[in-house]
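Morning, everyone. Let me walk you through one structure today. Please have a look at the screen.

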Amino acid sequence: PLVLVVEDERDLSELSVIPGIPLSYWVPTELRELYSSSVVLDADNGRVDRDSHGRAKVGLQTGDDNRFISRFWEVSGNDDWKPFSKGGSDAWLLPRVTRTLLWGNNGSEVKRFGGSYPRNEDWYFSEALTYTMSKRSGRRFGYLHEESIFGHMGSVYIPDNHIWTALSYTNSHLFTYLMLSQTSERNWYVGLVSRLPWLDAIESSEELEALSKSAVGHLLSKR
């Protein structure tokens, strides 16, 4: 049988543009160079010497979901229960937040429980983009209202500005390809997401903002 062998040589210095220097030799040079941006999503979490456009945060782990999480119709009218974005396959664009978390007295009962891990509490109840951490494809991000708490499988990205533009960008093919330049795994950990570049051309795009608002508005009209 005929065997076709294709050789593709890359200078190792070219691979170092992407933080962590993954051996993603198949990534086109033009795409890899986008990582040269002076701004990333979250420089602190990504451990890179750049400016940040926002903050990426991992959320709460209750340690006992059956005890601390209920559907909203089960606790209707009880202010001790707050909307809880747990993560899952339906986070794209506008997640259905049907679960609530027992958070009376600032979550005192959850915090007393030895198996709980209430991380990044200062960022609960923030307008944010939540995303599904573990999924086989891109298009993971959705708008999360500021009345919600987020869970560890539904991490969030909280941009400093242009949240609707960020929603379009994070659900784009470009964003997915940039992420695949770092890892081919289905789990998008906060540290990896944090390293993704934020681009000036995106920030100035009114079209991207309009697209995400239109898509979310369409979903709302169908619910």
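I will go through a sheet, a pair of helices and one serine. Keep in mind that this is a predicted model.

Four strands make it up, in the order 3-10-7-8. The sheet is open, and the pairing is antiparallel. Which strands stand at the edges? Strand 3 and strand 8, residues 141-144. Each has a single partner strand, so one side of each has no neighbour in the sheet. On average, neighbouring strands here are turned by 25° against each other, direction ignored.

Something also packs on this sheet. Helix 6 touches strand 7, strand 8 and strand 10. The direction of helix 6 makes about 160° with that of strand 8.

Now zoom in on strand 10, residues 156-159. Its partner on one side is strand 3, residues 54-57. Four bridges join the two, and they run antiparallel. You can find Gly54 opposite Pro159. Strand 10 also pairs with strand 7, residues 128-131, over two bridges. That pairing is antiparallel too. There, Thr130 has Val156 as its bridge partner.

Are the residues of strand 10 buried or exposed? Buried, on both faces. Val156 and Ile158 lie on one side. Tyr157 and Pro159 lie on the other.

Back to helix 6, residues 163-170, and its contact with helix 10, residues 206-221. A reminder first: two packed helices are described by the angle and the distance between their axes. Here the axes come within 7 Å and cross at roughly 85°. An angle from 65 to 115 degrees counts as roughly perpendicular. Helix 6 and helix 10 are therefore roughly perpendicular to each other.

Who meets whom? From helix 6 we have Trp164, Thr165, Leu167 and Ser168. From helix 10 come Leu208, Glu209, Leu211, Ser212, Lys213 and Val216. Of the residues in this contact, five are nonpolar, three polar and two charged.

Last stop: Ser194, in helix 8, residues 190-194. Its relative accessible area is 0%, and buried means under 20%. So Ser194 is buried. What does the side chain of Ser194 reach? The backbone oxygen of Val190, at 2.7 Å. Now leave aside the neighbours of Ser194 within four places in sequence. Ser194 is then in contact with Val40, Leu41, Asp42, Asn45, Gly46 and Ala56.

Note on methods: Residues numbered from 1 in each chain as written. Predicted model: local features only at pLDDT ≥ 70, side-chain atom pairs only at ≥ 80, totals over all residues. Heavy atoms only, no water. Buried < 20%, exposed > 50% of the residue type's maximum accessible area, 1.4 Å probe, protein only. Pairing = 2+ DSSP bridges. Axes fitted to C-alpha atoms, helices over the stretch in contact; angles between N-to-C directions. Parallel < 35°, antiparallel > 145°, perpendicular 65-115°, else oblique. Contact = heavy atoms within 4.5 Å. Nonpolar A, V, L, I, M, F, W, Y, C, P; charged D, E, K, R; others polar. Polar contact = N/O pair within 3.5 Å; in protein donor to acceptor, adjacent residues only side chain to side chain.
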